[in-house]
Amino acid sequence: MSERVAIVVGAGGELGRATAEKLAAAGFTVVGVDRNEEGLKALPDGIRYEVGDATDAVVARALVERIAAEVGPPEVLVNTIGTYHTGGTLEATPEDLRLMVDINAGAALWLTQAVVPYMRERGSGAIVHVAARPGLEPTADLVTYSVSKAALVHLIRVLDLELRPLGIRVNAIAPQLLNTAETRAYLPADVLAHAVSPEAIADVIVFLASDAAAPVSGAVVPAYGS
């Protein structure tokens with residue numbers, strides 16, 4: 001078993017895949033997790049993957065337990081999963097809000113619960129979640145998305161208070177817009193000019209997970225591009 005195991009949730013997407021590759025290059029044994037098996041198959045050889053829906057607390061715990069038993073206890077958790085929904089206050093529905101909160105905030109809590117026992121036992125660990133600018137700054141016409149990301153930002157700060165005494169650091173990065181195949185398909189070039197590549201965001205995530213960031217916990221790092 002490796003002494004340095006990193007779990008990357010959302011590794012079937014571009015940001016998760018870039019993060020998994022960079023953590024592997026930094027010397028971690030990386031396990032990618034996603035409910036999208038086809039996306040996970042794009043991971044390079046040498047990065048193991050597990051298929052599962054981490055928005056389900058029971059599934060999240062079972063995934064982490066299996067990885068800990070078969071690969072090793074996690075030292076790093078990176079959670080890149082998230083979803084997006086447009087619409088203002090008057091258009092919001094209970095279903096929209098539940099979906100946004102379950103994915104954008106709930107998964108972060110369940111995954112954190114699942115890894116903490118292993119990190120507490122070793123006396124150290126690093127957790128990085130992916131927030132977003134609308135979670136830090138009020139944004140019109142994104143009400144359910146903004147509320148869910150604001151909940152995640154507050155969760156990061158609560159987790160820092162509770163887990164830092166155990167030697168576990170919790171941070172987040174907050175992009176505004178990623179330059180991915182999905183966003184390139186519908187956004188105009190003038191908007192994409194301000195987007196940030198998944199690789200650039202992954203570099204910051206890897207730093208936050210590294211020993212070089214040992215003094216940093218409870219931070220939500222803006223990554224808004226130019």
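The axes of helix 3 (residues 57-70) and helix 4 (residues 94-122) come within 8 Å and cross at roughly 30 degrees. The model examined here is a predicted one. Because angles under 35 degrees count as roughly parallel, helix 3 and helix 4 are classed as roughly parallel to each other. The crossing in which helix 3 passes helix 4 is right-handed. On the side of helix 3, the contact is made by A57, A60, R61, V64, E65 and A68, and on the side of helix 4 by W110, L111, Q113, A114, V115 and Y118. By class, the residues of this contact of helix 3 with helix 4 comprise 9 nonpolar, 1 polar and 2 charged.

Helix 4 also packs with helix 5, at an angle of about 20 degrees and with the axes 8 Å apart. This angle makes helix 4 roughly parallel to helix 5. Helix 4 contributes D96, L97, M100, V101, N104, A105, A108, L109, T112 and V116, which meet T144, Y145, V147, S148, K149, A151, L152, L155, L159 and L163 of helix 5. The contact of helix 4 with helix 5 consists of 14 nonpolar, 4 polar and 2 charged residues.

A further packed pair is formed by helix 1 and helix 8 (residues 198-209), with an angle of about 50 degrees between them and their axes 8 Å apart. Helix 1 and helix 8 are therefore oblique to each other. Here too the crossing, of helix 1 past helix 8, is right-handed. Residues E14, L15, A18, T19, K22 and L23 of helix 1 make the contact with P198, E199, I201, A202, D203, I205, V206 and A209 of helix 8. In the contact of helix 1 with helix 8, 9 residues are nonpolar, 1 is polar and 4 are charged.

The largest pocket has a volume of about 1,300 Å³. Its lining is made up of 42 residues, and those nearest the centre of the pocket are G82, Y84, Y145, L178 and E182. Two or more lining residues are given by each of helix 1 (14-25), strand 2 (29-34), helix 5 (143-163) and helix 6 (181-184). The lining of the largest pocket divides into 20 nonpolar, 14 polar and 8 charged residues. Y145 is listed both among the residues of helix 5 that meet helix 4 and among those nearest the centre of the largest pocket. Helix 1, which packs with helix 8, likewise gives residues to the pocket lining.

Definitions and conventions:
Residues are numbered from 1 along each chain as its sequence is written. This is a predicted model: local features need pLDDT of at least 70, side-chain atom pairs count only at pLDDT 80 or more; totals for chains, interfaces and linings use all residues. Side-chain values use heavy atoms; hydrogens and water are left out. On a 1 Å grid over the protein atoms alone, a cavity is a set of points where a 1.4 Å probe fits but cannot get out, and a pocket is an open set with protein on both sides within 12 Å along at least five of seven lines; lining residues have an atom within 4 Å of a point. Grid points are joined across faces, edges and corners, and a volume is the space filled by probe spheres set on the points. Helices (H or I, at least four residues) and strands (E, at least two) are DSSP runs, numbered from the N terminus. Ala, Val, Leu, Ile, Met, Phe, Trp, Tyr, Cys and Pro count as nonpolar, Asp, Glu, Lys and Arg as charged, and the others, Gly among them, as polar. Axes are lines fitted to C-alpha atoms, for helices over the stretch in contact, and angles run from 0 to 180 degrees between N-to-C directions. Angles under 35 degrees count as roughly parallel, over 145 as roughly antiparallel, 65 to 115 as roughly perpendicular and the rest as oblique. A crossing is left-handed if the near helix is turned anticlockwise from the far one by less than a right angle, and right-handed if clockwise. Contact means heavy atoms within 4.5 Å.
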